[in-house]
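Let's take a walk through one protein chain together. Have a look at the picture first, and then we'll go through it piece by piece.

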Amino acid sequence: MGRGKIEIKRIENASNRQVTYSKRKNGIIKKAREITVLCDAQVSLVIFASSGRMHEYCSPSTTVVDLLDKYHKQSGKRLWDAKHENLSKEIDRVKKENDSMQIELRHLKGEDISSLHHTELMAIEEALDAGLAAVRKKQMEYHSMLEQNEKMLDEEFKHLQFVLQQQEMAMGESAMEMENAYHQQRMRDYNFQVPFAFRVQPIQPNLQERM
C-alpha cells in the first residue's frame, strides 16, 4: 500500500506544528544547498518562524544584497522606497567627496602631482602657504600664552615667598614673647616659693657706720 496523501492545512497542535516546521525547514535548506552545488545556481533563502525567529541560507558565491539588486534590476519591481533610495544616493555622494578629499590630501603631501597642470600646482602652493601662515600664527599665540603663564607663576611664587617670610617673622616674635613670658612666670613662682629671709635683699648702707 502506498503512503496516504497528507492534507495541507494548518497544524493545530503546537508541538506537532513545531516538529513539522523544524523538519521541513531543514529539508528546504538542504535542497537549496544541493541545487547550489549541482547546478551552480545562486540561491538565497530566508525563513521566519511563527515565533519570529529567522533562518537563512545564501549561496557562498554571492550575497543576499547582490541577489536583491539583481532581482530589482531584472524584475523591475521597487524593493526600496524613496527614503532608502535617497539615503543610498547620499551615501554615494559622501563616498565621492571622501575620495576627492583623499586625492587633495595626497596632493598636499606632494604625492601624485606629476599629472597636475600649472594652475593646479599654483593652487596647491597657495593652500600650503596659507596653511603654513596659520600654523606660524598659532605657534606665536602658543608661545605668547606660555610667556604669560610663566610670568604669572613667577609673580605668584614671589608673593608666596613674601607671605612665608612674614609668617616666619610673626612666628619668631611670638616664640620670643612666649619665652619671655615663661621666664617671668618662673621668676614669680620662684619668689613666691623662697622665704622672705632668704631672698636677696638690696644693698643698704650699714647704719652703725653712719653713726
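Helices (H or I, at least four residues) and strands (E, at least two) are DSSP runs, numbered from the N terminus. Keep in mind that this is a predicted model, where local features need pLDDT of at least 70, side-chain atom pairs count only at pLDDT 80 or more, and totals for chains, interfaces and linings use all residues. Residues are numbered from 1 along each chain as its sequence is written, and side-chain values use heavy atoms, with hydrogens and water left out.

**How confident is the model?**

The pLDDT score is the predictor's confidence in each residue, from 0 to 100. The chain averages 82, and 84% of the residues score at least 70. Residues 207–211 stay under 50, and the model gives them one contact (heavy atoms within 4.5 Å) beyond four places in sequence. Where pLDDT is low, the predicted coordinates should not be read in detail.

**Helix 1**

Helix 1 covers residues 14–39, which makes 26 residues. From first C-alpha to last it reaches 37 Å, close to the expected 38 Å; the expected span is 1.5 Å times one less than the number of residues. At its start, a side-chain oxygen of Asn-13 comes to within 3.0 Å of the backbone nitrogen of Ser-15. After the helix you meet Asp-40, whose phi is positive, near 55 degrees.

Which residues of helix 1 are buried? They are Lys-25, Ile-29, Ala-32 and Thr-36, where buried means under 20% relative accessible area, exposed over 50%, and partly exposed in between (1.4 Å probe, protein chains only). The buried residues of this helix pack against strand 1 (44–48) and strand 2 (54–58).

**The two strands**

Strand 1 and strand 2 run antiparallel and are joined by five bridges; two strands pair if DSSP finds at least two bridges between them. Leu-45 stands opposite Tyr-57, and Phe-48 has Met-54 as its bridge partner.

In strand 1, Leu-45 and Ile-47 sit on the covered face, with Ser-44, Val-46 and Phe-48 on the uncovered one.

| Residue | Relative accessible area | Class |
|---|---|---|
| Ser-59 | 1% | buried |
| Cys-58 | 21% | partly exposed |
| Ser-75 | 32% | partly exposed |
| Cys-39 | 54% | exposed |

Ser-59 is in the loop between strand 2 and helix 2. Why is Ser-59 called buried? Because its relative accessibility is 1%, and the cut-off is under 20%. Its side chain reaches the backbone nitrogen of Val-43 at 2.6 Å and the backbone oxygen of Ala-41 at 3.4 Å. Leaving aside neighbours within four places in sequence, Ser-59 touches Thr-36, Ala-41, Gln-42 and Val-43.

Ser-75 belongs to helix 2 (residues 64–75). A polar atom of the Ser-75 side chain lies 2.5 Å from the backbone oxygen of Tyr-71.

What about disulfides? Counting pairs of cysteine sulfur atoms within 2.5 Å, the total is zero.

Note on methods: A polar contact is a pair of N or O atoms within 3.5 Å; within protein, one must be able to donate a hydrogen and the other to accept it, and residues adjacent in sequence count only if both atoms are side-chain atoms.
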